[in-house]
Structure formats: C-alpha cells, structure tokens
Amino acid sequence: MLCLAAGTVSAVLAIESFTLTWIHSIEKIRWEEDWRLAGHALVIDEARIRGSGAGMEPPAGAVLKNGVWHYRPQLPPQAVLRLTHSPYAAGYTLCTATVCQPLADHLPGIDNNAVF
C-alpha cells in the first residue's frame, strides 16, 4: 500500500509500483521515475529524461534510447518521498499499471503548491 499525504489530506493506494512523472518548469521536458514498494521503503528502479537542456544533463552512465535518456539513480531505499511543487509548473502525474492521473487527484482539496 502506498500512502499519500499533503497537510491534513491523505490517501492510500493499493499498488506495489508506480511511475512518477513531471515536466521541467523551464525546459518543458518530461522526467519519469519508476518506484516500487519494498517492505516499508520506496525503491527507485529506473529514471528517464525525454531530452536535455539547461541544468538537465543526463547523469554519468545514462543510455540514450530512441531520444530518451535511461539511468538508474543511486539512491538507497527511501522511507518517505517528499515532493514540492512550483506554481510555475504543471503538477506531478502518478501512473499505475492501469492509469495515469495527476497526483493531486488522489488528494482532493489540496492546493497546487502542496508538499506530498
């Protein structure tokens, strides 16, 4: 189960893995991260950048496939994944095996600048 929270609003999703996506606020390039639940931790399996630009260089070891940079972030398992949001960019999208939708849709009533 994945628990989401922003302020006093929370939700629980019955999923074991998800992809988190967002659009870079200046370069307008899509970023994607594949996460899975492992016990009580979140583990990142892969990340992708659909282009490059100012301040968005792919990390060392990234592989370019069909115009998309693929890489594996070197992060230890995370107990909490904190996300902040800029009012100048579109929100995060959460994709499961069956659907993609704005992350904020899972937490009705939050404002667009919420910290998840």
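Biologist: Why is arginine 50 called partly exposed?

Modeller: Arginine 50 has a relative accessibility of 41%. Buried means under 20% relative accessible area, exposed over 50% and partly exposed in between (1.4 Å probe, protein chains only). The value of 41% falls in between, so arginine 50 counts as partly exposed. The model is predicted, so local features need pLDDT of at least 70 and side-chain atom pairs count only at pLDDT 80 or more, while totals for chains, interfaces and linings use all residues. Residues are numbered from 1 along each chain as its sequence is written, and side-chain values use heavy atoms, without hydrogens and water.

Biologist: What makes the contact between glutamate 32 and arginine 50 a salt bridge?

Modeller: The N to O distance between these side chains is 2.9 Å. The rule asks for a side-chain nitrogen of Lys or Arg within 4 Å of a carboxyl oxygen of Asp or Glu, so the pair of glutamate 32 and arginine 50 qualifies. Glutamate 32 lies in strand 4 and arginine 50 in the loop between strand 5 (41–49) and strand 6, so the bridge ties together parts that are 18 residues apart in sequence. Strands (E, at least two residues) are DSSP runs numbered from the N terminus.

Biologist: Which other salt bridge does glutamate 32 form, and is this residue buried or exposed?

Modeller: Glutamate 32 also bridges to arginine 30, with the closest N and O atoms 2.7 Å apart. Glutamate 32 has a relative accessible area of 6%, so it is buried. Arginine 30, at 31%, counts as partly exposed.

Biologist: How many salt bridges does the search of the whole structure find, and what joins into a network?

Modeller: The search finds six. Among them is arginine 36 with aspartate 45, where the closest N and O atoms are 2.9 Å apart. Arginine 36, at 32%, is partly exposed, and aspartate 45 is partly exposed at 31%. Through salt bridges that share partners, Arg30, Glu32, Asp34, Glu46, Arg48 and Arg50 form one network.

Biologist: Why is aspartate 34 called buried?

Modeller: Aspartate 34 has a relative accessible area of 19%, so it falls under the cut-off for buried. Aspartate 34 sits in strand 4 (residues 30–38).

Biologist: Why is the pair of tryptophan 22 and tryptophan 31 called stacked?

Modeller: Two aromatic pairs are counted. In this pair the ring centres are 5.9 Å apart and the planes stand at 20 degrees, so the rings are stacked. Rings of Phe, Tyr and Trp (its six-membered ring) pair with centres within 6.5 Å, and planes under 30 degrees apart are stacked, over 60 edge-to-face, the rest tilted. Tryptophan 31 is buried at 17%. Ring pairs link Trp22, Trp31 and Tyr92 into a cluster.

Biologist: How do you know which strands are the edges of the sheet?

Modeller: Seven strands form an open sheet in the order 6-7-5-4-3-8-9, with antiparallel pairing. Strand 6 (63–65) and strand 9 (100–102) each pair on one side only, which marks them as edge strands. Two strands pair if DSSP finds at least two bridges between them. Strand 6 and strand 7 (residues 68–71) have three bridges, and valine 63 stands opposite histidine 70 in strand 7.

Biologist: What makes asparagine 66 exposed, and where does it lie?

Modeller: Its relative accessible area is 84%, so asparagine 66 is exposed. Asparagine 66 lies in the loop between strand 6 and strand 7. Although asparagine 66 is not a glycine, it has a positive phi of about 50 degrees.

Note on methods
Helix = DSSP H or I, 4+ residues; strand = E, 2+ residues; numbered from the N terminus.
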